[in-house]
Amino acid sequence: MQTESVQAFIAVCDLGSFQAAADALYLTQPAVSKRVSNLEDRLGHTLFDRVGRGATLTEAGRAYLPHARELVAVVADGNRALDSLGNRVAGPLTLALSHHVSLHRMPSVLRAYIKHYPDVHPEINFADSEAACECVVKGECELAVITLPTTPHPILIEKTVWDDPMQIFVSDEHALAGTPPATLADLAQHPAVLPPTASYTRAIIDRTLSAHDVALEARMESHYLETLRMLAGIGLGWTVLPSAMSHRDLIGLSFDGVEMTRRLGVVYHPRRRLSNAALALLALLGDVPKPPGAY
């Protein structure tokens, strides 16, 4: 069975239409339709209900999708196995990076990596940590360097590279920045700007503060910590940021018994064959020195 047809099927699933899949695959819409039709003929099942310009999975399509993803991932594993027969570190490296890690932790790592392995061609997907994990699960990326899950991922192997202490911050003009020092009871009376509820970072915040009976009221949410720093800096609410993201417009608050730290690191799939390029980056991350506390 041609993997191109399976890849076209997956693209339509992920993007919701034949035209969007065609754009992503640099094909015409009729070419994608033909590939999916050929796949349906071979399988003997209709995979999509075609309504207007959209496409929704049939029951057969939903049943086949995880196997299609596995098929494409296995083919990629085979290609990497052949490419890695020698010791040469070259070729593509499919890598997912969370936004914060890509800005504040990885530039020096990637600079050294590219210098040492100029024949590697990184293909970087910038994504939220949760989505980056899914990219690795699906075989779309070999590695992801992200905020690690708060509980062990059921499938992926994870390695901590950096500990990232966090702190509560408010604007220097916020009511909580005055004297006497704010208490946790005071904190609960003011709105916050925080990461989304479903994020790994928010899980750490919720778990820590709920243990002190602090009920959170999030006025705004964003995955981008730089955005949260800006929103807190103009006084829209208190926030929680990595301690090293302190800013002249922010005041850090400390409360007895309240400590928050998240782990930043790398995840990969134990059943996937890693390329020499991926193994080289893993080795480099293992040698990354701990940052001195400021970016």
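Residues are numbered from 1 along each chain as its sequence is written, and side-chain values use heavy atoms, with hydrogens and water left out. Because the model is predicted, local features need pLDDT of at least 70 and side-chain atom pairs count only at pLDDT 80 or more, whereas totals for chains, interfaces and linings use all residues.

**Figure 1. Helix α1 (3–15) packs against helix α3 (residues 29–43).** Helices (H or I, at least four residues) and strands (E, at least two) are DSSP runs, numbered from the N terminus. The axes of α1 and α3 come within 8 Å and cross at roughly 110°; axes are lines fitted to C-alpha atoms, for helices over the stretch in contact, and angles run from 0 to 180 degrees between N-to-C directions. The two helices, α1 and α3, are therefore roughly perpendicular to each other (angles under 35 degrees count as roughly parallel, over 145 as roughly antiparallel, 65 to 115 as roughly perpendicular and the rest as oblique). The crossing of α1 and α3 is left-handed, a term used if the near helix is turned anticlockwise from the far one by less than a right angle, with right-handed used if clockwise. From α1, the residues E4, S5, V6, A8, F9 and V12 meet V32, R35, V36, N38, L39 and R42 of α3, where contact means heavy atoms within 4.5 Å. Seven nonpolar, two polar and three charged residues make up this contact of α1 with α3 (Ala, Val, Leu, Ile, Met, Phe, Trp, Tyr, Cys and Pro count as nonpolar, Asp, Glu, Lys and Arg as charged, and the others, Gly among them, as polar).

**Figure 2. Helix α2 also packs with α3.** The axes of α2 and α3 are 8 Å apart, at an angle of about 105°. The pair α2 and α3 is therefore roughly perpendicular. On α2 the contact is made by F18, Q19, A21, A22 and L25, and on α3 by Q29, V32, S33 and V36. The contact of α2 with α3 holds six nonpolar, three polar and no charged residues.

**Figure 3. Helix α6 (residues 106–116) crosses helix α11 (residues 276–286).** Their axes come within 11 Å and cross at roughly 125°, which means that α6 is oblique to α11. The crossing of α6 and α11 is right-handed. In α6, M106, V109, A112 and Y113 meet A277, A278, A280, L281, L284 and L285 in α11. This contact of α6 with α11 has ten nonpolar residues, with no polar and no charged ones.

**Figure 4. The largest pocket holds about 1,000 Å³ of space.** On a 1 Å grid over the protein atoms alone, a cavity is a set of points where a 1.4 Å probe fits but cannot get out, and a pocket is an open set with protein on both sides within 12 Å along at least five of seven lines; lining residues have an atom within 4 Å of a point. Grid points are joined across faces, edges and corners, and a volume is the space filled by probe spheres set on the points. Of the 31 residues lining the largest pocket, Q7, V72, T94, G139 and E140 lie nearest its centre. Helix α4 gives the most to this lining, with eight residues. By class, the lining of the largest pocket has 13 nonpolar, nine polar and nine charged residues.

**Figure 5. The largest cavity has a volume of about 160 Å³.** Its lining comprises 15 residues, of which S129, T147, T201, H223 and R262 lie nearest the centre. The elements α5 (99–104), α7 (129–137) and α9 (200–210) give two or more residues to the lining of the largest cavity.
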